[in-house]
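Hi there,

Here is the structure I promised to pass on. My notes on it follow below.

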Amino acid sequence: MSLDEPQGHIGFTLNGDQVSVPAPSTARLSEVLREAAGATDVKVGCNAGDCGACTVLVDGAPVCACVTAAGQVQGRTVETQSGLVAGDEIAKRLARSFQRHQAAQCGICTPGMMVAAVALLRSGAALDEARVADALGGVLCRCTGYRKIIAAVLDASEAEPVTEGGVGARIERLDGWPKVSGTERFGDDVAPSDALTVAVIRSPFHRAGFVFGDLDAYRKDTGLDLILTARDVPGDNLFGVIPGFIDQPVFAVDEARHKGEAVAAVVGPAALLAELPPFPVTWEERPATLTPEGAGQADLLHTTRAGNVMCRGYVARGDAAGAMAKAAHRVSGDFSTGFIEHGYIEPEAASARRVGDRIEVSCCTQAPFMNRDGLAGILGLKPEDVRIIPTATGGGFGSKLDLSAQPFVALAAWSLNRPVRMAYTRTESIATTTKRHPSAVHMEIGADATGRIVAAQFDGVFNTGAYSSWGPTVANRVPIHASGPYLTPNYEAKSVGIHTNTVSCGAFRGFGVPQSAVAQEQLYDMLADRLGIDRLELRRINALKNGAPTVTGQVFETGMGIDACFDALKPAWDRALAEAAAHNATVSTTRRGVGVAGGWYGCGNTSMSNPSTIRAGVTPAGEIVLHQGAVDIGQGSNTVISQIFATALGVPVGQITLVGADTDVTPDAGKTSASRQTFITGNAARLAGEALRAQILRLGNVGDGASILLGAGGIDLVEDGMTRRIALPESDGYALEVLETYDPPTLPLDANGQGAPYAVFGTTAQMVELEVDMELGTVRLLKFTAAHDVGRAINPLLVEGQIEGGIAQGIGLALMEEFIPGRTENLHDYLIPTIGDVPEIASIILESGDQHGPYGAKGLGEHCLIPTAPAVLNAIAHASGVRIHHLPATPDKLRAAILAKGLE
């Protein structure tokens, strides 16, 4: 250590500047850089060296700052993303390439990816995909599927991104530069420097009674500013997302219903919280039920729900039992999936401050207005007295729809009238936030002698955990989708959500449809084998077409594009089958297989009102401002909604000023989930653009074909070669303003599930080529080909990014991911795909149009994931001769199945 540094300080060069910061030498470098040096572009995703988001360069070498002691950089040079992009030409080129390829989606992993990539590019080594993957292999990404990141590193050049274009243009992300330059601010980045910290006391048992000791004495003895329990909640000690199912307490009372449930919170300076003695609570562990088996006879988690049944779903059409009995061919099976963790790289984080009689909460969220209303109920306030200011959100995939840290910081800030912050640890995030529902499915499908489906019966049991969250949505959506995108004249599907003593299960990309597809699509392969029909052809002849009824009786005259998706795969399918046969004829230890699966997804809420509202205005100076409240969690809504609005208004997208989500200044654009934003908020943006255009053209008394030109201090209208400047009214606000809402046309379902639950279905077909090592049970993915009917691709580059990211998550579901309560609560025990796990992905974008979507566009986010896992499972069966019914298909399961069938 340098003798020039003050006692207790560490001196080093940070992004070219000499700094000296107060810190113990054993502190985490990531914490010192963020909290003492202000380098919040260094992200913390795990504090265990698992995710790589905190990667920095120390004397030019990449290291994980979260497992590097601060004392190790004394007298050395540290470089972070923001410093590199500001001052290093290689990093500047890389940043432009990331924009050009849209290699940053949510952006939370981008600092680690770019810093590691700069080290590689500086080395001067010859680049290929393998070398890039090796250099970036220590950094996890949950959004992109890695393919755009690899492409961006290989293409780091002086070329500029595409910055301008309306509907159909492959423009860069409008919010992308902060992500690639290190200036983006996520949930924990905006916390005030003087904020107190909240820590939550949680149950160590799956079910336990508890009694507190003397909390007042504990607070006084420790110097804590505040202790919170259920008695300190001024409003309702409950939250949730669906009326009738608001059942989760902020703090448990008398009994904790799952491991990690909050019972109390302590508030004080972070240093004090780190040294606290044990909290005064006595636990009484009680018998717990962790799976639906036996839950019907167990103690009730909620006294009004007999048999621990949360709710049921049901769809019936025709005579499924009768048609099944007469079917020429029948196949059936039992299939199951486990808990799946969302695995976003940004743990939940929030900060709050009281402003008079209002509370303001900054947080990473997918649903600001739902957060607002939930907090209002907890605090006993009117909704308008709660302001939610969304930060950048480092991945969500459904889990950040629910409240997490927000109630704790809001209660503390309200009580103390001081700023308060909280960031979940990785263990806290995984252990306590919602999961994909575990499923146990029995399904049977019948066909006639020619292979046409005559009947299907589905029975699905879903573990919804201790509280409801989005469980009712899953229970109601699954029976609608469990037929797959196929004509099924006789159909019966039942689903049930069961309460257990596990963490709540909620929304996760697909709302239960991926689980049902694992069963249905594998059975289609089994049926094709039984019939001796090509597996792709079986799907093609049964594909739903325009004019044919779905299992709810809904008929689409346009936009049902699944047949085109299957047709688009045919050339790749034929090639891959031929190559697999040639490989398997000469190699015995590794067997090659090809799998296919179809998928569909109804965009938006099921059979209920689902509006989005967009506000836009023109200032007296001629500036056009778009208030866009659809939270962009990486999927690209900021860009897509702006492109739609710009096209409708008739101006370049670069001339629009975007105001992002904030419940005080943007109207409610609904939650970012269910593949609804492009379709629903996009329509609201189209209506707003059209309405504002009409106002502007009326002011100039010109026709619909006139052009709008924005100039200094005003607006010019050009018609028939003549230009006229329009006078905008003087105003303290907007000279012109519009507010437009779109709510998709749907109809309720009757007792048999018949009706019109969605205005739009997106469709997809994916195929995968892979190899199975018959001696080890390992799977090597070779290539995906994915055909997606998106109606109209508003931004094809964003479409590709969604497809690739969805496939990566589907790979995890198929091959490696399973959350085990109490065990896999970190990112080295819970595995998600790395850059080396995702192979080449060829995206085929189909545009069938849609009568309801903006310019014919449909939503996309969920669809990308749905067919991936069953396609992989079907390819494994094709390669190895064994079928995995219970996910994930890990090497030990696959090897055991191979041995059991005698296929060594």
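Which residue in S23 is the bridge partner of Gly617? The partner is Val625.

Before the rest, a word on conventions. This is a predicted model, in which local features need pLDDT of at least 70, side-chain atom pairs count only at pLDDT 80 or more, and totals for chains, interfaces and linings use all residues. Residues are numbered from 1 along each chain as its sequence is written, and side-chain values use heavy atoms, with hydrogens and water left out. Helices (H or I, at least four residues) and strands (E, at least two) are DSSP runs, numbered from the N terminus.

Back to strand S23, residues 624-627. Two strands count as paired if DSSP finds at least two bridges between them. S23 pairs with S22 (residues 612-618) in the antiparallel sense over four bridges, and with S24 (residues 656-659) in the parallel sense, also over four bridges. In S24, Leu658 is the bridge partner of Leu626. The hairpin of S22 and S23 has five residues between the strands, and Gly622 there takes a positive phi near 95°. Both faces of S23 are covered: Ile624 and Leu626 on one side, Val625 and His627 on the other, are all buried (under 20% relative accessible area, with exposed being over 50% and partly exposed in between; 1.4 Å probe, protein chains only).

Helix H8 (residues 215-222) has Leu215, Tyr218 and Thr222 buried. Seen down the axis of H8, these buried residues fall within an arc of 60°, so they line one face of the helix (the arc is that of the directions from the helix axis to the C-beta atoms). They pack against strand S7 (208-212), strand S8 (226-228) and helix H9 (270-274), where contact means heavy atoms within 4.5 Å. On the other side of H8, Lys220 and Asp221 are exposed. After the helix comes Gly223, with a positive phi near 85°.

Last, the nonpolar cores: sets of buried Ala, Val, Leu, Ile, Met, Phe, Trp, Tyr and Cys residues joined through side-chain atoms within 4.5 Å. The largest has 110 residues, of which Leu33, Phe98, Met113, Leu136, Val153 and Val872 touch the most other members. Helix H4 (residues 110-123) gives the most to this core, with nine residues. Apart from it lies another core, of 65 residues, including Val478, Ile480, Ala507 and Ala576.

Enjoy looking around!

Best wishes
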